[in-house]
Structure formats: structure tokens, C-alpha cells
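Biologist: I am new to this structure and would like to learn how to read it. Please take the features one at a time.

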2 protein chains.
Amino acid sequence: QSSSDSRQNSSEPSKPKRVMVIGGDGYCGWATALHLSNKGYEVAIVDSLIRRLFDQQLGLDSLTPIASIHNRLRCWRSVTGKTIELYIGDICDFEFLSETFKSFEPDAVVHFGEQRSAPYSMIDRNRAVFTQHNNVIGTLNVLFAIKEFRDQCHLVKLGTMGEYGTPNIDIEEGYITITHNGRTDTLPFPKQASSFYHLSKTRGYLDIRDTVQCVELAIANPAQPGEFRVFNQFTEQFSVNELASLVTKAGEKLGLDVKTISVPNPRVEAEEHYYNAKHTKLIELGLEPHLLSDSLLDSLLNFAIKFKDRVDTKQIMPSVSWKKIGVKPKTLAA
Amino acid sequence: QSSSDSRQNSSEPSKPKRVMVIGGDGYCGWATALHLSNKGYEVAIVDSLIRRLFDQQLGLDSLTPIASIHNRLRCWRSVTGKTIELYIGDICDFEFLSETFKSFEPDAVVHFGEQRSAPYSMIDRNRAVFTQHNNVIGTLNVLFAIKEFRDQCHLVKLGTMGEYGTPNIDIEEGYITITHNGRTDTLPFPKQASSFYHLSKTRGYLDIRDTVQCVELAIANPAQPGEFRVFNQFTEQFSVNELASLVTKAGEKLGLDVKTISVPNPRVEAEEHYYNAKHTKLIELGLEPHLLSDSLLDSLLNFAIKFKDRVDTKQIMPSVSWKKIGVKPKTLAA
Ligand SMILES: NC(=O)c1ccc[n+]([C@@H]2O[C@H](COP(=O)([O-])OP(=O)(O)OC[C@H]3O[C@@H](n4cnc5c(N)ncnc54)[C@H](O)[C@@H]3O)[C@@H](O)[C@H]2O)c1
Ligand SMILES: NC(=O)c1ccc[n+]([C@@H]2O[C@H](COP(=O)([O-])OP(=O)(O)OC[C@H]3O[C@@H](n4cnc5c(N)ncnc54)[C@H](O)[C@@H]3O)[C@@H](O)[C@H]2O)c1
């Protein structure tokens, strides 16, 4: 009871805000949890660790070794003295999610807890259905939990700009003002999904340091109660060919012999298309972008060199074809 | 094998087309199944009968008595000599759906098999989640079954124009051409959902005789392979107040004492808004609309009079509020 009383005041400027990071064991979520903890927020991670299971099932591993979430949190505490709470469970299980809300009492929730891979959603019917169920029901449950247990809580939900596809007009942030037959309205930007994950070949890029900065800016500048804001969260646009030439140059500087080869596009959108997406709203909130400089590519390539014995060359070529998805569970041999 | 061979030819003009009506025990589906059977199509109904269970659970019944699906099919056979096949099961169960496809081998599938009530989807978290799961996974399964078992099959899927909300611009059929910052593209019409069923106060109306006519026109004029067509399926637009005054007039003609009362809007969209939706594509295919004439209202009112002892006045006022939906299962007493 007394702990609950003190938490009720946590929106006073002096008290740190309590932020729940759903999907906090994942790529964006872990970096965000550390960044917010470092900035003085009270942080809890909610994650089912299902992403680790997918990697096991598909026989994949990350380039750099990733310690268990328990070890990572212990390490963070020993380095910084800060504790990040951990709730392991599936947000599609509403009983579990309710208990995490009642126990942690968040002021803000950052929701990264989705199946995020487009190729994964296109492997077979089972994975397509899993992706839909996991991502939609999980998000519905988060909305209901906020309404029931923390109705002042601010939700920061990560989506994907792939939802917009590659229209031949500029992509605005969330909404577009349309004049049609002499009348005008501002409507949600039309969606054109191209996979069961609703992701197409994204042309916007963002440094992970900017991901965490963007999320912090959104939390620090919450929407009005009831307001639905949309940010296009990226800082630079490149074509795949432009990226290839940047990597080639950076590799040559390190004395590597870099070759670019073209492979057939396994997805269904056009190879060549217009792409111009707006991204001014986060800049207005104060985002200071880290652009893809030579030094970042250098440091990434040095990681690849350091861990080159972990590279699994079998995983590099695309193996999931958008056109061949079928109903039969795809079994994967060693 | 031989039955399968003969069915392979069923797209020849001489042979009747085989049409699977998913949700064929429901309001639109039953009328469609009879209409197509009557026109010489081979028809199968696929339905889990879950809608009957909802009515039982909520203590509801229809104004006119509805016989069991088994009795209705027996009656149809004795009146017309025509047989409609019946497959009872849940299309979210892919094993069941696969067997119905392998057994019936449809040339066209008409998919009405969804939880279709917006208020139902807004009762509580459970029903919101059920609606999402049932409607999205069911439809995904239908798509995969077609791809796997009948890849030439034409799918006619009923949606709802409520998806478009009530924008301040004309609602086009599926797509809208937008010119923005000097560039032009034709994109899916923007969606604005207002309930978990994605339904808002629809202002378009359609006679059930036109529903079945529209579906038959779509089947008889199939889309090109791979083509995605969208029809706005309604014939007239009325405001709720206009409908009330039409019913009042028709009631007075029958000697009834009709009163109109206003009740607070349980939904969240505005009471007054622009609404102008296009609906020319079905007319171009040959739809001959039955408009809401005095004689139709007369006949509907005569049904109400005939079954007035079955009217449950407790069910008339809206009891589900869009703003009050919560996580707790709503239990309903007698
Ligand atoms: N990584 C990117 O570059 C990128 C780009 C655009 C959008 N996003 C979005 O950001 C979000 C996170 O992406 P990521 O790259 O960090 O993915 P990730 O797979 O690394 O992390 C997602 C985490 O969520 C967890 N999770 C998934 N479903 C869950 C459930 N039902 N209950 C509890 N935990 C669950 C997983 O175990 C995983 O740890 C996704 O929504 C993704 O679409 C990421
Ligand atoms: N009735 C209308 O005026 C109207 C208007 C606009 C759109 N629609 C759309 O038409 C469709 C049918 O509407 P209706 O009024 O006939 O609804 P209904 O509830 O009378 O019929 C739907 C039928 O589908 C069955 N069903 C539901 N989920 C199923 C599942 N998973 N597996 C097997 N069967 C399942 C139900 O048992 C029911 O018999 C819906 O998609 C609805 O949105 C109807």
C-alpha cells in the first residue's frame, strides 16, 4: 500500500518516471531499457524470450554473442548500480500482463514486443498466423491493461514504415490532407502491406543510438491524454545499391576485398520506385541524428572481423520467397 | 478420382459452378446460398454455427423464428429438389477447412463467416480479442486454403464500409487517386476504424435481395487472376432521422401509433457528418437495385406485427457503450 502511494506521485517532476519496456530482451528494447535506466528512469523489462526460441528453431545465432537476459541485467547492476526489473511472460496472456501492470505500475509503456521479421512471417501458414495473432492480440491486451490499471499511462508503440509500402507520393507522418472533388479532409496515410508482417523493403535508416533517443523524447514529451501521434522514425534514406557502395568503400579502407553481387528479389515490390518519407516531427522535439558516417561503418565492420568465426554463410542469401509461402509447416533440417 | 475429374471441368460454361458459402447459416449467407442454389450453382455451406451460440449466451433471439440449419436444408430440398452440402466447423481450424476444400473443390468462395456485430466486439476484452482473432485468422486460413487446394478459385469477401469511417471527402470504391506535392498515385482508401469490429454508424443501405444479386454478379464476372477488386455494396443513403420518418409514415398507413425518440449515441463518431460514398461498379456489372419503397417497409412492419409476441423490449435500447469497454468478462444475468 505505501509503495503504491509513493508511486501515485511518480509523475511529479522530482520523481523518476516508471517505464515498462515490452520486448526489452530484443534488439531495440534492450538498448532502450539501458538508455532509460542510465537517464534515471525506473525501468522494467517484459519479454517472453520467444525471439531466442525462434533463433534456436531456425538454427540461427547472432553475429555478436548475446548473454542471457538474467546475466545482462546482473552485469548492468554491477556496472551502474541500477536495477532493471524483469517480468518473463507472454503479453498475449492477459493474466500475466495484468499482474505486471499491478506490480510495476508504469507511467509509460514502450511496446517493442512483436514478431518483427518479415521473412519469418512468410515462411509458412503457421508463422503467418502466429505473427498476426501475436502482434495484434498482444497490442490489444496492452491497450486494455492500460485502460484498466494505469489509465494515465503513455504508450509508445513501435510500428514499421513498411506499412506505407512505396507509394509514388511523399509519405507524411501518419496523416495526409487530401482534397478530392472539392472537399478536404486529413486522413490516416493509406496503407499498402506487402507481407504478413506488413513490411516492405524499407528505405529509411536509423542509428540505434537515435532509436533510444527518439523513444526517450517521446516519453519526455508525452502526447495529450487521448491524443494519437505518429512519428516517422528514421534519419536517412538509402537505396540498397547506395548502401553497398558505402560498405565497399569502408571495407577497402580497412584493407578488405569487398564484392557486391545482385540476387533476385525474394519480395514482391518493384525494384525501382519513388520513396520520399517525411521525418520532421522528432527533429522538432529535439532529435540530434547520428548519420551513417565512415566511423560507424568502420566500427560495424570491425565487429564483423572480430566475430568472423561466428559468421554462418548459409544464412546470408535470402531463403524465404514471398511467392512460395504455403500451408505446410516448413521443417528445417540441420 | 472420377468425381475429381468431372469437377476439374466445372469451369466449362455448361457445368454449374461450385460455390462454397462460408457463414452460410447467417443472415446474408443463407439468403445467398438459396439464391445461388436456385440459379443452378452447386452450393456448399460452411459454418461453425457460433452465431447461434452468441445469441444463446446473450439471451437473444431473432424476431422471426429461425429453424435449425439441418431443417432449413431439408426443407429446401423438399421444395426445390436441390441439395446444398453442409460442412459444420470453424474456419480458424485449418485441418477442418482443408478437408472441406478437398471434399467440395469450390470454383468460388463467398466469405461471410465473421463475427459481424460491432456492439458485440465492444462488450469486453474477451469479445474484442475473439473478434480480431476469429475474423483475421479465419480469412488468412481461407487465403492459404485457396492457394494450396484450388488456386484458380475466385474469392468474394464481404467487408464493411464502416472501415472508411465518416471522412469529410467522398468515399471511393477501394482506391483513391491523390495528388500531393506535385506527384500522383492511386492508393487504398484510408481507413478509420471506430470499433474493434471496425464498424461505424453506416449510412449506406442495401436490400437483402440486392446483397444476393451483388454476390452473384461478382461470381458470374470474376476478377482476373491476381486482381483485387473492391465494390461499395449499397444502393441508398439515409440518415437515421430520415429512416425514422419513413418508418413513421409507413406505420401510420398501417394504423400504428409510431413515436420517434432520440437516445444518446453509444458510439464515438460525430452525430452530424458528411457522408457520400460511391457505388457505381456493381451497377456497371448490371445490378438492378430494389429501393426502400413503401411496399418493403409495409412488408417488414407486417412481419413485426405477426411476431410481436416475440419482441423482447429489453433488447431494443443500446446496452453496449463504446467508452465503457473494459477487461473484465461481462457476465449477463437473466
Ligand atoms: N530493428 C529494427 O530496425 C526495426 C525497424 C522498424 C521497426 N521495428 C519495430 O520495433 C519492434 C522491435 O523490433 P526488434 O528489432 O527490437 O525485434 P526483436 O525481435 O529483437 O525484439 C522483440 C522482442 O519482443 C519479444 N516478444 C515478441 N512477442 C512477445 C510477446 N507476445 N510477449 C512478450 N514478448 C514478446 C521477443 O522475445 C523479443 O525479445 C518491432 O515492432 C519492430 O517491428 C524495428
Ligand atoms: N448484415 C449486414 O447488413 C451486413 C452489412 C455489412 C457487412 N456485412 C458483412 O457480411 C458478413 C456476414 O454478415 P451477416 O449479417 O450475415 O452475419 P451473421 O452473424 O448473420 O452470419 C455470419 C455467420 O458466420 C458464421 N461464422 C462466424 N465465424 C465463423 C468461423 N470462424 N467459422 C465458421 N463460421 C463462422 C456464424 O456462425 C454465422 O452463421 C460479415 O462479414 C459482415 O461484416 C453484413
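Biologist: How many salt bridges are there over all chains?

Modeller: This is a predicted model, in which local features need pLDDT of at least 70 and side-chain atom pairs count only at pLDDT 80 or more, while totals for chains, interfaces and linings use all residues; side-chain values use heavy atoms, with hydrogens and water left out. Residues are numbered from 1 along each chain as its sequence is written, chains are lettered from A, and ligands are numbered from 1 in the order in which they are written. A salt bridge is a side-chain nitrogen of Lys or Arg within 4 Å of a carboxyl oxygen of Asp or Glu. By this rule there are 36 salt bridges over all chains. One of them joins the side chains of Arg72(A) and Asp25(A), at 2.7 Å from N to O. Arg72(A) is in helix H4 (residues 69–80) of chain A and Asp25(A) in the loop between strand E1 (18–22) and helix H2 (27–38) of chain A, so the pair ties together parts 47 residues apart in sequence. Helices (H or I, at least four residues) and strands (E, at least two) are DSSP runs, numbered from the N terminus.

Biologist: What rotation superposes chain A on chain B?

Modeller: Two copies of a chain are related by a rotation about an axis and a shift along it. Here the rotation is 180°, the shift along its axis is 0.0 Å, and the RMSD is 0.0 Å. The two copies are thus related as by a two-fold rotation axis. The superposition is by least squares on the C-alpha atoms of residues with pLDDT of at least 70 in both copies. Of the residues of chain A, Pro190(A) comes closest to the axis, with its C-alpha at 2.4 Å.

Biologist: How much area is buried between chain A and chain B?

Modeller: The size of an interface is often given as the accessible area lost when the parts come together. Buried area is that loss (1.4 Å probe), summed over both parts. Between chain A and chain B it is about 3800 Å², and carbon and sulfur atoms give 66% of it. Contact (heavy atoms within 4.5 Å) takes 40 residues from chain A and 40 residues from chain B. Because 100% of the interface residues of chain A are also interface residues in chain B, the copies meet through the same surface.

Biologist: How many salt bridges lie between chain A and chain B?

Modeller: The count is two salt bridges. In one of them, the side chains of Lys328(A) and Glu148(B) meet at 2.9 Å, N to O. Helix H7 (125–149), strand E6 (175–180) and strand E7 (183–188) of chain A each supply at least two residues of the side that touches chain B. H7(A) gives the most to that side, with 13 residues.

Biologist: Where does Leu49(A) lie?

Modeller: Leu49(A) is in the loop between strand E2 (42–47) and helix H3 (50–58) of chain A. Leu49(A) has a positive phi of about 65° although it is not a glycine. Glu105(A), another residue other than glycine, has a positive phi near 50°. Glu105(A) lies in the loop between helix H5 (94–104) and strand E4 (108–111) of chain A.

Terms used: Buried area is the accessible area (1.4 Å probe) that two parts lose on being put together, summed over both.
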